[in-house]
Amino acid sequence: MAQPLVKKDDDRDDEAEYSPFLGIEKGAVLQEARIFNDPQLDPRRCSQVITKLLYLLNQGESFTKVEATEVFFAVTKLFQSKDIGLRRMVYLMIKELSPSADEVIIVTSSLMRDMNSKTDMYRANAIRVLCRITDGTLLTQIERYLKQAIVDKNPVVASAALVSGFHLLQTNPEIVKRWSNEVQEAVQSRAALVQFHALALLHQIRQNDRLAVSKLVTSLTRGTVRSPLAQCLLIRYTSQVIRESSNVQNGDRPFYDYLEGCLRHKAEMVIFEAARAITELSGVTSRELTPAITVLQLFLSSSKPVLRFAAVRTLNKVAMTHPMAVTNCNIDMESLISDQNRSIATLAITTLLKTGNESSVDRLMKQITNFMSDIADEFKIVVVEAIRSLCLKFPLKYRSLMNFLSNILREEGGFEYKKAIVDSIVFLIRDIPDAKESGLLHLCEFIEDCEFTYLSTQILHFLGIEGPKTSDPSKYIRYIYNRVILENATVRASAVSTLAKFGAMVDSLKPRIFVLLRRCLFDSDDEVRDRATLYLNTLGGDGTVVETDKDVKDFLFGSLDIPLVNLETSLKNYEPSEKPFDISSVPREVKSQPLAEKKAPGKKPTGLGAPPPGPTSAIDAYEKLLSSIPEFSSFGKLFKSSAPVELTEAETEYAVNVVKHIFDRHVVFQYNCTNTIPEQMLENVIVIVDASEAEEFSEVASKPLRSLPYDTPGQTFVAFEKPEGVPAVGKFSNMLRFIVKEVDPSTGEAEDDGVEDEYQLEDLEVLAADYMLKVGVSNFKNAWDSMDPDTERVDEYGLGPRESLAEAVSAVISLLGMQPCEGTESIPSNSRSHTCLLSGVYIGNVKVLVRLSFGIDAQREVAMKLAVRSDDEAVSDAIHEIVASG
Amino acid sequence: MLLAVLFANSEGNILVERFNGVPAEERLHWRSFLVKLGADNLKGVKNEELLVACHKSVYIVYTVLGDVSIFVVGKDAYDELALAEVIFVITSAVKDVCGKPPTERLFLDKYGKICLCLDEIVWKGLLENTEKDRIKRLIRLKPPTEV
C-alpha cells in the first residue's frame, strides 16, 4: 500500500520542479515548426509547437523578419487541417505574428472562406483575424460581410464584428461610419454583450453629433439595458449630455432621476458610475449630492478593497469642491486610516484633512502619526502637502501641525520627502508669524543630522535671512557653526555666509561672529576661506565694532541683480590682464522670461506629482528684473505685481500678456511678448499705450525690446506716474508697434530691411484690487480686536439677484483683492447666510481687515454688510468706495 | 483602454505579458513596477482577493491565484471597477481551464488554452467576453449555449 503513495509524491515533486518549457530555445522551436509543412499533419503536435511559439512571444522574444515570414507561411498550411482546436490556435497565431501587407494576401482567401462558413465560430474568428491584419483596400471588399455580421443572430459573430469596427474606426473612419444603421439595430439586441459593444461603437461613430447622442441617451434611458457594462456606458454618455445641455438651473436637471435610479441598481459598478456622475455634475446642489454620498458611504465599509478604494477616491474628489457634503462620512473614513491597502489609507487621510474642522485636527494628527511609519515616501509627500494646506486653513493649530512636521522630519526618508517637509515648514514660517521661532529651531535641529547637502544649504540661507530678526538670534549660532566644523565644503561655505549675515544684522553678536569667521580662514577648502576673508573685510573685522553700512547689507542680503547666464558669458570672455573684471560691464538685459511666468496658471501639482518648487516667490523675480532696468530703479520698493493678464487670444501671431507692477508713485506695465511666426524677426518692439481713459496717469518712460526672434519670449516696459499713495484706476488701450523682418528659413538669418507694422492688443485696466496685497492673519478675531474701533466703517449694500451666495462672495473677494482668512471663502452649499473674513495690506503699507456678512433670500437677492477696520480711517473709507463703485 | 495584462510566478518571473498602447520602451518599466508591487503586497493574500493601486492616472488591480500573480492595468474608462470585472473574468477562466487555482507547472501545462482564453477576453485593449462558460466553449470553437 505504501508504494503507490510514495510514487504519487514523486510525481508531485516532478510537477513542481520541471516546467514544460524548461530549456526552450527559439532556434529549436522554429526548427520544430517545420512539421506544419508535413503532408500528414499531426494536430496535437502542431498545437504544442504553436503553444511554444506563443510562449516565446509572450516572454518578450522577437522574431526576425525572415523568421516571422517563415513561421507565418508554415502556419497558413494548417488551414488544411479540419481539427477544430488547431484551427483556433492558428487564428491566434496569425494575429500574434501580425504579418506585413504583402504576406496577408496568402491567408486572405482562407479567411474569406471561413468568414462565409456555415460554422458560426469560424465566421467570428475569421472576422477578428481579418480586421486585425487588413488594410483599407481589403476592407472595402469585405465590408458587405461585416455589415451582415453586425446583425448576425449569433451574438459571438455580432460582437466580433462590432469590436472589430471599434478598432477599424481609428484607421478607416469613413467606412465604419457607413455601418451606423446596422449598429443601431444591434443596440436593440437581446444579447447583453452585443448591446454593450454596439452602444460603445455607436457612440464612437456619433460622438461629434450632439443631437444624435442626446437622442440615443433619451431612448435608452427609457428602454432596457441588459448588461451592467452597457449601463455604465449609458451613464457616462448621459453625463456628457447633461454637461453639454444648456444650464437649466431653475427647473429640475434633465436625466437626474435616471442617474438617481441607477444608485439602486444591483450591480456595484453601475451604482458607482451613477454616484460619480452625480458628484461631477456642474453646480451640483447638496440635495442632489446626498443620495450619491449615502451609497458611497456604505461602500467605505465594504469587505472588498476595490470597492473601498473606489468609494474613497470618489469622496476625495468631492471633498475638494464640497467638503461639507462629505463630513458625514468622516467616522467611516477614520477607520480606513488603518486600512491594509496604503492607497486607500492615504486617500482617506487626505480627504479627512480637507473635511475636518478645527476641533478634530489634534485627534487626526495622532492617528496620522501612527500611520506614517509604514507607508512609502510618495504617499507621505501627499500627506505632507495636505497638512500644509490644512495649517494655512487653521493657523491657530500651527503648534500641533508644526510638531508633527518636525517629528516626521527626524524619521528616515528620501530626498523628495524631506524636501516636501522642509518646504512646508518654510511656508508656515512665512505665513504664520507665531510659528517662526519654533519652526526655525526645528530646521536647526534637522541640519544637525541632515544627509542632503541641498537641503542643508537652503535651510542655512533661510536661517541667515530670518534668524537675525528673531528675539534671540544668538541661539542659532551654535547650530550654524557646527556645520562649519562637521560638514562638507559646500555646506561649510553656506554656513560661513549665514554667520556673516548674523554679524551684519546683530551688532551685539559681531565680536563673537568675528572670532568664528577668523577660525574659518584656516579651512581646507578655498571657497570657505575666500568667503571668510571677504566677509571679515566687508564687516570690518579688524577689531573695531561699528554699525554695518547699508552698502554691505545690500551686498549680503540683496539679490544678485545680474542674470547668471550673462555673468557666465562675460566671465568666459574675460581675458586675464592687469585690468580687473568689472561687474558693471555685464549686460543686464534678460533674454528669457523670468521663471514665475513660465508656470502655466492653474497647473498645480496633484497626486504623486513633484512637490512645488522651493521658497523663491514671483515677486522676488520681478523685483530683481525691474531693479536691473536703470529707468525704473528710482521708483522705490515694488508694492505688488499682478498675475499676467492676456492681451491676445490664444494661437495668434504674437502672444502678449501684461503684468502690472505697482509702486508708490508709479505703475509699470511689463508686456511679455512671444513671436509665433518662424519666418519673422521683430525689432524695436514697443507698446504704444493710450491713457486718455486714465486721467491720473502720465507716461514717464518706456523701454523697447531690441529684438524678438521666433519663439523666444521677450519683454518691453512702459511706466506711468500717478499721484502718490492714491489708488488711481483707469483703462489703457494698447498697440504693439515693431519693425518686422523676413527670416530665411534655410539659414535662419533675417533680411537687412524691415517694414514697420502695428498689431492691436486688448485693453488693460488698473483696478482698485491692484493696490491691495493679499496678506493673511493667523487669528482674525485677535487682529480685529487689536485694531482701533474708531477706524471702523460699516455700511450695507444690495448686490441684486445672484446665481448663488458663493458666486456673490467670490465676486466681492476678487473685487477687493484681499486674502480670505480661516477658510471663510468656502461656503456650505444651500446656506442662506455667510460671514467672510478678509485681510490685506493697502498701498502705503496700511493693514486692512474686512468682515463681510451676506444673506440671500428666496428671489436670490443678495444683501451684504461690510465692516472695515484699518490703520488709517481714510483707507476704511476707500474700501467702501471700491465696493460702492464696483 | 486596458493597457496591460500580466501573469508572473511567485518569484516575479513573467509568464504572460500583453500590452496594448504602451510604447515598447515603457514596458520594461511597467513590468518591474508591477512585479515589485506584487512582491510588496501579495504575500499572504488569499486566492482571488483583489488588491488595488493607482499610479498617476493609471489604475492597477491585481491578485494571486495559486502560484500565479495576475495584474491588469487600465486607464480612462478602465478604472478600478472595470478592471475588477476584467480580472474576475480572467481568474475564473484560468481556474476553469486548470480545474483549480494553478501551480506554476499546471499553468504552463495549460499555457496554450490560457492564451486562447485571454484572446477571447481582451481584444487589443477592449473587454470582449465576460462569461467563463462561454469562453470555455469559444476556445474550442463551440458556439455559446444560448444560440
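Tutor: What follows is a set of questions and answers on a predicted model.

Student: How do you know how confident the predictor is in chain A?

Tutor: The mean pLDDT of chain A is 84, on a scale that runs from 0 to 100, and 92% of the residues of chain A reach 70 or more. Over residues 1-15 of chain A, however, pLDDT stays under 50, and the model has 3 contacts for them beyond four places in sequence. Residues 592-616 of chain A are also below 50, and that stretch has 38 contacts in the model beyond near neighbours in sequence. Where pLDDT is low, the predicted coordinates should not be read in detail.

Student: What makes up the interface between chain A and chain B, in residues in contact and in buried area?

Tutor: On the side of chain A there are 50 residues in contact with 46 residues of chain B, and the two chains bury about 4400 Å² between them, with 63% of it on carbon and sulfur atoms. Within chain A, the residues that lose the most area to chain B are Asn58(A), Arg88(A) and Val306(A), which together account for 14% of what that side buries.

Student: Why is the pair of Lys95(A) and Asp119(B) called a salt bridge?

Tutor: The distance between the side chains of Lys95(A) and Asp119(B) is 3.0 Å, taken from N to O, and the cut-off is 4 Å, so the pair qualifies as a salt bridge. Between chain A and chain B the count is 10 salt bridges, and the rule for polar contacts finds 18 residue pairs across this interface. By class, the side of chain A that touches chain B has 27 nonpolar, 12 polar and 11 charged residues.

Student: How do you know that Cys262(A) is in no disulfide?

Tutor: The structure holds 0 disulfides over all chains. For Cys262(A), the nearest cysteine sulfur is that of Cys232(A), 8.7 Å away, whereas a disulfide needs the two sulfur atoms within 2.5 Å, so Cys262(A) is in no disulfide. Cys821(A) is in no disulfide either, with the nearest cysteine sulfur, that of Cys836(A), 8.4 Å away.

Student: Why are Cys262(A) and Cys821(A) called buried?

Tutor: The relative accessible area is 5% for Cys262(A) and 3% for Cys821(A). Buried means under 20%, so Cys262(A) is buried, and therefore Cys821(A) is buried as well.

Methods: Residues numbered from 1 in each chain as written. Chains lettered and ligands numbered in written order. Predicted model: local features only at pLDDT ≥ 70, side-chain atom pairs only at ≥ 80, totals over all residues. Heavy atoms only, no water. Contact = heavy atoms within 4.5 Å. Buried area = accessible area lost by both parts, 1.4 Å probe. Polar contact = N/O pair within 3.5 Å; in protein donor to acceptor, adjacent residues only side chain to side chain. Nonpolar A, V, L, I, M, F, W, Y, C, P; charged D, E, K, R; others polar. Buried < 20%, exposed > 50% of the residue type's maximum accessible area, 1.4 Å probe, protein only.
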